[in-house]
Amino acid sequence: MQSTVFLLVLINVFIFTGTIVIRTDPQTAQNDLDRDFWNRDHVRRKRYLGLNKKFKLNKRYQECVGPGDAKGHCKHLTFCPIDVLTGTRNTLEYLCVIEKTFVGVCCPDDVALGGMIGSQLIMDLPAGGEDYDIKDNLTGCGVPSEARAIPGGVAPRVQEWPWLAALFRPQDLAEGLEQQFCGGAVITDLHILTAAHCLQGVSAQEIRVRLGEYDFSKSNETRFRDHAVAEIINHEDFVSGTYENDIAVVKLTQPTTFNSYIWPICLPPIDLNYENENAIVAGWGKQYFAGPESEVLLQITVPIWELSKCSQSFLQRITDSNICAGAYEGGKDSCQGDSGGPLMYQLENGRWVAIGVVSWGIGCGDKGNPGIYTRVDKFIPWIIKNTIAKE
Ligand code: 4AZ
C-alpha cells in the first residue's frame, strides 16, 4: 500500500503514511449485548448469509433425474431457468424436497448452469438480490462491525475490514520472513477470493489463510484464526504473461465462524459503472515499490479511472475485465503483497462489495500508472460455479 502523508495520530485510530488504518478495541466485542447478538441463530449457524427468513439459496441440492431423463439437482423453482413443470405430463415426478422444508423441482444441470444470467447468479451469493435490502441491516455480507452492533450496544468506534484475508506460508512466519505473500477476501465461511497469480505453483498444503488479523507483529492478539487450505481453484484461463483472468478461490478445510473480526464482503452487482468514483484498497503489502511490507493492515482511498484513459496509459492490454484505480497525481496505490486483496466499494445502502482483486501494476504509486484490478462482476458465474454450486 503506498501513500504520501506521514504518521499523525495514534489513539485507537491509527494513521500510517497517509493511510488511515483503523482499529477496534477487541474488548468492545466482548460485552454481553454483543455476545447475545453473535449467539443468535442467523449469525452462528448459517453458512451463507441470507438477509430475511424467506431467503432461498440458488444452490444445487440432492441429485435427481429431471425431464427427458436428464441428470439434475433439486433446486428452488425460481432458480431453475426453464419451467420444469410446464409441458411435462407427470408434473409430480419432478418435484423434490429441499432440506425437509421447501418443495423444489428437479432442474437439469446443463440448463441450470448454461442458462443462468447475472441477476439469477447473483442470488447464489451472500450479496444476492434481496440481500441488498436496506431495511435489514443487521446481518449479511459487507456490513462493517460498527453497523452490525445492536442499538444500545457498545459499537466499535471505527471501521475495520473483517473480510481481509492474508495468505501465508507457516514456514515463512516461523523464520521471521515477510509475514504474508498475498491478500484475499472472505466471501463465504469456506471461500476466499484472491488472485490466480498469487497461487501459481503453490500447493494447498504449503499455505494457510489468516482471518481476523490486523497487526502481524502482535502475536498475543487472539482474534485471528489460521485456516488450512483444502483446495486452490485458479481460473482455468489465467494467462501468466498478461494476467488476464487473474482470479482464484481458496477453499478452507473447515468453515470459519463469523464474528466481529471475521465477516464476509458482498460480491458486486453486475455492470455498475464505477468510473470516477472512489474505492478503497487494503492490505499488508509493500509501502512503496521494493520497500518494506507493513505489519499493520493499511488502507487507501483511490479513484477509479475511466477505462479508456487507463488503457492509453499502458502498452499492455487492459480489458473490460479490469478496473484501474490509483491517485491521478500518483502516491496512492496498492503494491506488491497487496495482490489478491479486494478493491472495496460502498453501495448506497452501506454495504461493501469487492469490485476488484489487486492484480498488477507498473511500480507502485507512479503518476500515470494506476493499479490494475480484476473486475469481479465479470467473474460471478465462475465464482458461483467454484464455490457454492460445487458443494
Ligand atoms: C504486485 O507485484 C503488484 N501498483 C500489485 C499491485 C500493483 C503493483 C504490483 C499496483 O503484486
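1. Basis of the model. The structure is a predicted model, in which local features need pLDDT of at least 70 and side-chain atom pairs count only at pLDDT 80 or more, whereas totals for chains, interfaces and linings use all residues. Residues are numbered from 1 along each chain as its sequence is written.

2. Overall content. The chain holds eight helices and 19 strands; these are DSSP runs numbered from the N terminus, with helices being H or I of at least four residues and strands being E of at least two. Of the 391 residues, 46% are buried, a residue being buried if 20 or more other C-beta atoms, placed from the backbone, lie within 10 Å of its own. Among contacts with a separation of 6 or more, 67% link residues 24 or more positions apart; a contact requires C-beta atoms, placed from the backbone, within 7 Å.

3. The barrel. Six strands form a closed barrel in the order β8-β9-β10-β13-β12-β11, with antiparallel pairing. Two strands pair if DSSP finds at least two bridges between them. On average, neighbouring strands of this sheet are turned by 40 degrees against each other, direction ignored, with axes taken as lines fitted to C-alpha atoms.

4. Strand β9 and its neighbours. Five of the five residues of β9 (residues 182–186) are buried. Strand β8 (residues 164–168) runs antiparallel to β9 and is joined to it by four bridges; A166 has G183 as its bridge partner. Two bridges join β9 to the antiparallel strand β10 (residues 191–194), where A185 is partnered by L193. A hairpin with four residues between the strands is formed by β9 and β10.

5. Strands β12 and β13. Strand β12 (residues 225–234) and strand β13 (residues 248–252) are antiparallel and share five bridges. In this pair, N234 stands opposite A248.

6. The β6–β7 hairpin. Four bridges connect β6 (residues 95–98) with β7 (residues 102–108) in the antiparallel sense, and L95 has V105 as its bridge partner. Three residues separate the strands, and E99 takes a positive phi near 45 degrees.

7. The ligand shell. Residues around the ligand include D333, D338, C335, C364, V358 and W360; the C-beta atom of such a residue, placed from the backbone, lies within 6 Å of the ligand. The shell divides into four nonpolar, five polar and two charged residues, with Gly counted as polar, Cys as nonpolar and Asp as charged.

Conventions:
Axes fitted to C-alpha atoms, helices over the stretch in contact; angles between N-to-C directions. Buried ≥ 20, exposed ≤ 12 C-beta atoms within 10 Å, placed from the backbone. Contact = placed C-beta atoms within 7 Å.
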